[in-house]
Amino acid sequence: CRIMAGKVKWVTDIEKSVLINNFEKRGWIQVAENEDWNFYWMSVQTIRNVFSVETGYRLSDDQIVNHFPNHYELTRKDLMVKNIKRYRRELEKEGSPLAEKDENGKYIYLDFVPVTFMLPADYNLFVEEFRKNPSSTWIMKPCGKAQGKGIFLINKLSQIKKWSRDSKTSSFVSQSSKEAYVISLYINNPLLIGGKKFDLRLYVLVSTYRPLRCYMYKLGFCRFCTVKYTPSTSELDNMFVHLTNVAIQKHGDDYNHIHGGKWTVSNLRLYLESTRGKEVTNKLFDEIHWIIVQSLKAVAPVMNNDKHCFECYGYDIIIDDKLKPWLIEVNASPSLTSSTANDRILKYNLINDTLNIAVPNGEIPDCKWNKSPPKEVLGNYEVLYDEEMAQSDGPDRDFRSRSGQSTGTKGGRARDLGKPVLTTWK
């Protein structure tokens with residue numbers, strides 16, 4: 001049997017050992033010193049080569065891979081925003097109640113990404129928006145990089161112009177060969193714990209886009225900054241205040257190598273339940289689940305839903321001080337590097353549970369199966385959304401449940417394969 005065939009560049013020995021241990025446990029491979037494995041966890045670069053027309057390579061029915069061919073429609077910062085904006089427009093054109101706006105023109109149910117523009121293409125639109133609130137802070141990110149690389153904050157138009165000159169870009173009006181950036185309104189009122197900013201890293205597994213079937217991993221975590229947060233403009237350049245990426249924070253003087261500046265999601269829930277109340281906390285996490293499903297629905301029409309593919313995404317969510325969650329970005333290759341002992345356990349279990357759903361019971365992979373695994377193999381995953389099940393309850397189910405109306409499921413629970421799963425609106 002073969003799974004994830006192809007060459008891969010391992011980021012770290014830890015990632016390699018965790019994956020190989022999982023494969024060996026299933027009896028899929030034998031470890032050899034020459035590293036000529038039969039099974040691979042593919043990188044995004046390898047996926048492009050496998051599905052490239054030029055290579056002429058075709059996957060057989062017993063081969064499955066861990067990315068969709070054009071996963072970047074969701075995982076590139078600019079394309080994610082572009083697809084969500086298109087999704088909103090389409091729902092609006094259809095007259096869907098999900099696209100309803102308030103008196104200020106803001107989406108009531110689909111306002112979950114900060115105001116964002118692409119540079120250099122949308123420079124004039126950005127300037128127009130900036131001048132409406134010249135005291136605002138914006139965050140600039142290169143579209144194709146990760147781990148906080150190339151990110152910086154600005155609060156003056158002159159800073160953009162300086163960046164343009166430094167990047168040898170002659171004009172914002174015309175496209176150039178320089179790297180594209182997104183610029184987003186900075187969430188300057190984040191929820192703080194111990195005075196520090198944090199975000200959530202949540203893992204979501206998609207087994208198929210059409211029909212959409214996705215799973216939420218229960219063992220996500222919070223990533224904390226090492227320096228207390230301040231909105232002061234004098235600290236805009238201090239990335240230890242503003243960026244939660246471990247790749248940045250681990251270089252700080254106050255970084256703790258034992259806990260890695262991380263909290264489990266379950267600890268966050270306990271904290272919020274004790275300080276804000278259980279009902280408010282449940283509402284927050286329900287909104288987070290809503291954001292995730294809507295982002296997946298936004299890209300589903302353009303995603304190449306190849307039957308050989310599944311994908312585990314790393315979602316980054318920020319919560320503001322009003323307990324409103326915001327989708328920041330989605331990662332195609334969430335880090336499997338272990339920065340702490342708990343990290344290693346979590347990521348080992350993540351890979352184990354992911355593979356159990358992708359290939360239940362360690363059987364020979366078959367890309368033709370219906371990708372609806374039995375409940376006993378879900379491990380720490382829970383069914384987040386099953387489009388086939390949702391459609392059986394009527395086309396307006398999402399709206400009825402999102403707007404607080406009864407969907408006919410007792411206590412906000414539904415049943416999938418006999419098991420209660422996450423749902424108040426699904």
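Predicted model: local features only at pLDDT ≥ 70, side-chain atom pairs only at ≥ 80, totals over all residues.
Residues are numbered from 1 along each chain as its sequence is written, and side-chain values use heavy atoms, with hydrogens and water left out.

**Exercise 1.** Classify the ring pair of F152 and Y181.

Start with the cut-offs: rings of Phe, Tyr and Trp (its six-membered ring) pair if their centres lie within 6.5 Å, and planes under 30 degrees apart are stacked, over 60 edge-to-face, the rest tilted. Here the centres are 6.3 Å apart and the planes sit at 55 degrees, so F152 and Y181 make a tilted pair. Next, check burial (buried is under 20% relative accessible area, exposed over 50%, partly exposed in between, with a 1.4 Å probe and protein chains only). F152 comes out partly exposed at 22%, while Y181 is buried at 10%.

**Exercise 2.** Now do the pair of Y215 and Y381.

The centres are 6.4 Å apart with 75 degrees between the planes, which makes this one edge-to-face. Both Y215 and Y381 are buried. Zooming out, ring pairs join Y203, Y215, Y217, F221 and Y381 into a cluster.

**Exercise 3.** How many disulfides does the structure hold?

Look for cysteine sulfur atoms within 2.5 Å of each other: the count is zero. As for cysteine burial, C143 is buried at 2% relative accessible area, and C214 is buried at 0%.
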